[in-house]
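Visitor: I'm new to this one and would like to be walked through it. Could we start once it is on screen?

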There are 2 protein chains.
Amino acid sequence: MNLIVLDPNLSLKPDQFALSARQQTHISKVIKANQGDVLRVGLLNGKIGEGVYEPPTDDQLGYIHSLSLTSPAPDALPIILAMALPRPKMLKRTLSNIAAMGVKELYLIHSAKVEKSYWQSPVLQTESIELSLLEGLEQAKDTVMPKWSLIPRFRPFVEDKLPDLLKDKVGLLAHPYLAKSCPINIQEPCVLALGPEGGWNEFEVGKWLEAGMESVHLGERILKVETVVPVLLSRLYPA
Amino acid sequence: MNLIVLDPNLSLKPDQFALSARQQTHISKVIKANQGDVLRVGLLNGKIGEGVYEPPTDDQLGYIHSLSLTSPAPDALPIILAMALPRPKMLKRTLSNIAAMGVKELYLIHSAKVEKSYWQSPVLQTESIELSLLEGLEQAKDTVMPKWSLIPRFRPFVEDKLPDLLKDKVGLLAHPYLAKSCPINIQEPCVLALGPEGGWNEFEVGKWLEAGMESVHLGERILKVETVVPVLLSRLYPA
């Protein structure tokens, strides 16, 4: 946790924000802060700066007060990430990476090779997804929560939603076959579609291409989704 | 496991290699292969191709025979990676990523901010390190085991060993401060030094720079080591 991102819903009074149990543990155990210490904090979806720490008491949570928030959040990546729902044990890490790297719009999509059971996983509950994203923000010293959606039906998304998303953007379909090499250091905003382990099936690839996406590959090495995400994002937008 | 990497030490006779328990489980449970099926295999530190599967019996391990190994392993990255020893819970994943991405020379180094206890972790046993590396190779369809060394003493490494490693190579020290932006898509081989969480201390930075390394940064976002490795490797050698 390189930045403590304060939650407006935990506002005690103006300029005073209670800490979550997770943040309190980090401040007590890792930072080992004392009453009155000035800590680096940000406001969720807001600016970054400093605040004064007040430890918890028997009848009150620890909190941050006397905020001075002056810096904007770091730049976002100009990318919309549409990825097949990863297996639950990879999802949390992948979500944290996505948030840490500055993606602000995410769609988790069904695909023929995504096991139906993944959609029942508790890690898909809103609280769990937003906690993983928040941990990524706190790691990367960002405050802006990515917008995310679960898309359990592939076809309506690529047929009805994708064309709007693609307006004024490059559309890149990460796919090992029939593809040119993925571009490097592009300037334009893009929509990036990442397949499941085993890839999109033929029908799905056809649908992506129909919608105007271009198929690109990453070379002969096959990487785990949790590795492919940082690899692709840093390749497309290294700056 | 996208490639079954056969271990020469498990050779039953020429052209016949026993499967490890881990590989056997994958073939039985995931691939669900039957006797006589042709599987994609490679020979550790050798070529890649196909072999015929023979399931285990009561008195014999499962094995692969009638190998036809025709393709070379994928290209290696022209990089020597010198990184501060990561915390044990991150080490396995980081090692697998490093191997999957094609690094072939790795030094895990002590730093002032590496907890001494990390050096006692069971994940530093040779078997454990090489298993994590092998899993990365099998993920990326590579066969060439990276050379790796544990460097519990920082100073002799940077003073005596590093100058030789740097011959005809660019030396890049990933460091958040006093640095220019990390280059993109370089053509030359390089030595890349990655610090611990919290970074190298001033003495260590001085030593790296003295040896001829150049300090580079990755922007304002601070990423976990398991994320920084794929980000940096794909930024330096995207092709």
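Visitor: In which sense do β4(B) and β5(B) pair, and over how many bridges?

Guide: β4(B) and β5(B) pair in the antiparallel sense, over five bridges, where strands count as paired if DSSP finds at least two bridges between them. Strands here are DSSP runs of E with at least two residues, helices are runs of H or I with at least four, and both are numbered from the N terminus. Before we go on, please note that this is a predicted model, in which local features need pLDDT of at least 70, side-chain atom pairs count only at pLDDT 80 or more, and totals for chains, interfaces and linings use all residues. Residues are numbered from 1 along each chain as its sequence is written, chains are lettered from A and ligands numbered from 1 in the order in which they are written, and side-chain values use heavy atoms, with hydrogens and water left out.

Visitor: Which residue of β5(B) is the bridge partner of Gly42(B)?

Guide: Gly42(B) has Ile48(B) as its bridge partner. The hairpin of β4(B) and β5(B) has four residues between the strands, and Asn45(B) takes a positive phi there, near 60 degrees.

Visitor: And what about β1(B) and β4(B), parallel or antiparallel?

Guide: Those two pair in the parallel sense, over three bridges, and Leu6(B) has Leu43(B) in β4(B) as its bridge partner.

Visitor: Which residues of helix α1 in chain B are buried?

Guide: In α1 (residues 21–31) of chain B, the buried ones are Gln23(B), Gln24(B), His26(B) and Ile27(B); buried means under 20% relative accessible area, exposed means over 50%, and partly exposed lies in between, with a 1.4 Å probe and protein chains only. They cover an arc of only 160 degrees around the axis, so they sit on the same side of α1(B), the arc being that of the directions from the helix axis to the C-beta atoms. On the other side of α1(B), Ala21(B), Lys29(B) and Val30(B) are exposed.

Visitor: What covers the buried residues of α1(B)?

Guide: The cover includes β1 (4–6), β4 (38–43), β5 (48–54) and α3 (126–140) of chain B.

Visitor: Switching topic, how many salt bridges are there over all chains?

Guide: The structure holds 21 of them, a salt bridge being a side-chain nitrogen of Lys or Arg within 4 Å of a carboxyl oxygen of Asp or Glu. One of them joins Asp142(A) to Arg221(B), with the closest N and O atoms 3.1 Å apart. That pair crosses between chains, from the loop between α3 (126–140) and β9 (147–151) of chain A to the loop between β13 (214–217) and α6 (225–236) of chain B.

Visitor: Are Asp142(A) and Arg221(B) buried or exposed?

Guide: Both Asp142(A) and Arg221(B) are buried. Glu159(A), in contrast, counts as partly exposed, at 34% relative accessibility, and forms a salt bridge with Arg155(A), the closest N and O atoms being 2.7 Å apart. Glu159(A) and Arg155(A) are separated by about one helical turn, because they are four residues apart in helix α4 (residues 154–165) of chain A.

Visitor: What rotation superposes chain A on chain B?

Guide: A rotation of 180 degrees, with 0.0 Å of shift along its axis, superposes them with an RMSD of 0.0 Å, by least squares on the C-alpha atoms of residues with pLDDT of at least 70 in both. The two copies are therefore related as by a two-fold rotation axis.

Conventions:
Contact means heavy atoms within 4.5 Å.
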